[in-house]
Amino acid sequence: LRRATVSTSASTPWKQSSASNTDETVYAVREEFKADEIDGENVKRSDLQLMVAASGLSVTPIAGDRIIDGATSYRVVNVDTLMPASTAITHTLQVRE
């Protein structure tokens, strides 16, 4: 999981002063979307679902994060968190190449 962080100065908030990446290793179960879930707009045919265990993560995945798998980089489009009784169990990520 890669999160890009951009810093700005208070005097020039429109100007990027620095950028950095924070990487965290995650293990995921990969699934393809079912045909009836693909609408071509919100869910594209090439999108994937990744189920990630929430325990042990130092960050909560958000849209815009990246998943790097070998030479392939996926952008996190959507995150659905299973959270009964205010405890996160899993994050299901919709990712797109």
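Q: Leaving aside neighbours within four places in sequence, which residues is leucine 1 in contact with?
A: In this predicted model, leucine 1 touches Thr22, Asp23, Glu24, Val26, Val59, Pro61, Asp65, Arg66 and Ile67, once neighbours within four places in sequence are set aside.

Q: Which residues make up the largest nonpolar core?
A: That core has 10 residues in all: Leu1, Leu48, Leu50, Val52, Leu57, Ile67, Tyr74, Val76, Leu93 and Val95.

Q: Turning to charges, how many salt bridges are found in the whole structure?
A: The search finds 3 salt bridges. In one of them, aspartate 23 meets arginine 2 through their side chains, at 2.7 Å from N to O. Aspartate 23 lies in strand β2 (residues 16-23) and arginine 2 in strand β1 (residues 2-8), so this pair ties together parts that are 21 residues apart in sequence.

Q: What about arginine 3, which residue does its side chain meet in a salt bridge?
A: Its partner is aspartate 65, at 2.8 Å from N to O. Aspartate 65 sits in the loop between β4 and β5 (66-69) and arginine 3 in strand β1, 62 residues apart.

Q: Is aspartate 65 buried or exposed?
A: Aspartate 65 counts as buried, at 2% relative accessibility.

Q: Which residue does aspartate 47 form a salt bridge with?
A: Aspartate 47 pairs with arginine 96, their closest N and O atoms being 2.8 Å apart. Aspartate 47 is buried at 2% relative accessibility, and arginine 96 is buried with a relative accessible area of 14%.

Terms used. Residues are numbered from 1 along each chain as its sequence is written. This is a predicted model: local features need pLDDT of at least 70, side-chain atom pairs count only at pLDDT 80 or more; totals for chains, interfaces and linings use all residues. Side-chain values use heavy atoms; hydrogens and water are left out. A nonpolar core is a set of buried Ala, Val, Leu, Ile, Met, Phe, Trp, Tyr and Cys residues joined through side-chain atoms within 4.5 Å. Buried means under 20% relative accessible area, exposed over 50%, partly exposed in between (1.4 Å probe, protein chains only). Contact means heavy atoms within 4.5 Å. A salt bridge is a side-chain nitrogen of Lys or Arg within 4 Å of a carboxyl oxygen of Asp or Glu. Helices (H or I, at least four residues) and strands (E, at least two) are DSSP runs, numbered from the N terminus.
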